[in-house]
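Let's walk through this structure together, from its surface to its core and then to its charged pairs. Have the viewer open as you read.

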Amino acid sequence: MKNPKKNLSSYVELFFEMLAEVIILLRQLANQKVETEKSYDSADVKILLKISDSTFYRWCKQGKLHSKKVGGKIYVSKASVDNLLK
């Protein structure tokens, strides 16, 4: 019969090795510079384009405005707004 303590200790050792690798990867990700695209919130877009709430939501649904919802707030990329202003 195998020694359960020896088997358990090898799993614990493997776990900590994997944990160390994850920590290294997370540190590398944290040190990378994040490129963020300029975007406007819905209120800014409606003012810039001089459109109503319903038009804004309709254009988002139709794909005329490329929008993303983050934390309950809708953001539209600057490029998408620039294309409509042309």
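**From surface to core**

Leu8, Val12, Phe15, Phe16, Leu19 and Ile23 make a nonpolar surface patch of about 550 Å². Patches here consist of residues with over 30% relative accessible area and no salt bridge, where nonpolar side chains (Val, Leu, Ile, Met, Phe, Trp, Tyr) are joined within 5 Å and like charges within 9 Å. The areas come from the Shrake-Rupley method with a 1.4 Å probe, and for residues only the protein chains shown count as cover.

A word on the ground rules: this is a predicted model, in which local features need pLDDT of at least 70 and side-chain atom pairs count only at pLDDT 80 or more, while totals for chains, interfaces and linings use all residues. Residues are numbered from 1 along each chain as its sequence is written, and side-chain values use heavy atoms, leaving out hydrogens and water.

Leu8 has a relative accessible area of 55%, so it counts as exposed: the label needs over 50%, buried means under 20%, and partly exposed lies in between (1.4 Å probe, protein chains only).

The largest nonpolar core has eleven residues: Tyr40, Val45, Leu49, Ile51, Phe56, Trp59, Cys60, Leu65, Ile74, Val76 and Val81. A nonpolar core is a set of buried Ala, Val, Leu, Ile, Met, Phe, Trp, Tyr and Cys residues joined through side-chain atoms within 4.5 Å. In soluble globular proteins, nonpolar side chains tend to be buried together. Leaving aside residues up to four places away in sequence, Phe56 touches Ser42, Val45, Lys46, Ile51, Leu65, Ile74 and Val76, a contact being heavy atoms within 4.5 Å.

What about charged pairs? A salt bridge is a side-chain nitrogen of Lys or Arg within 4 Å of a carboxyl oxygen of Asp or Glu, and by this rule there are three. Asp41 pairs with Lys73, their closest N and O atoms 3.4 Å apart. This pair links distant parts of the chain, with Asp41 in strand E1 (residues 39–41) and Lys73 in strand E3, 32 residues apart. Asp41 is buried at 15% relative accessibility, whereas Lys73 is partly exposed at 38%.

Lys46 bridges to Asp53 at 2.4 Å between the closest N and O atoms. Finally, Lys78 and Asp82 meet at 2.9 Å, N to O; because these two are four residues apart in helix H4 (residues 78–85), about one helical turn separates them.
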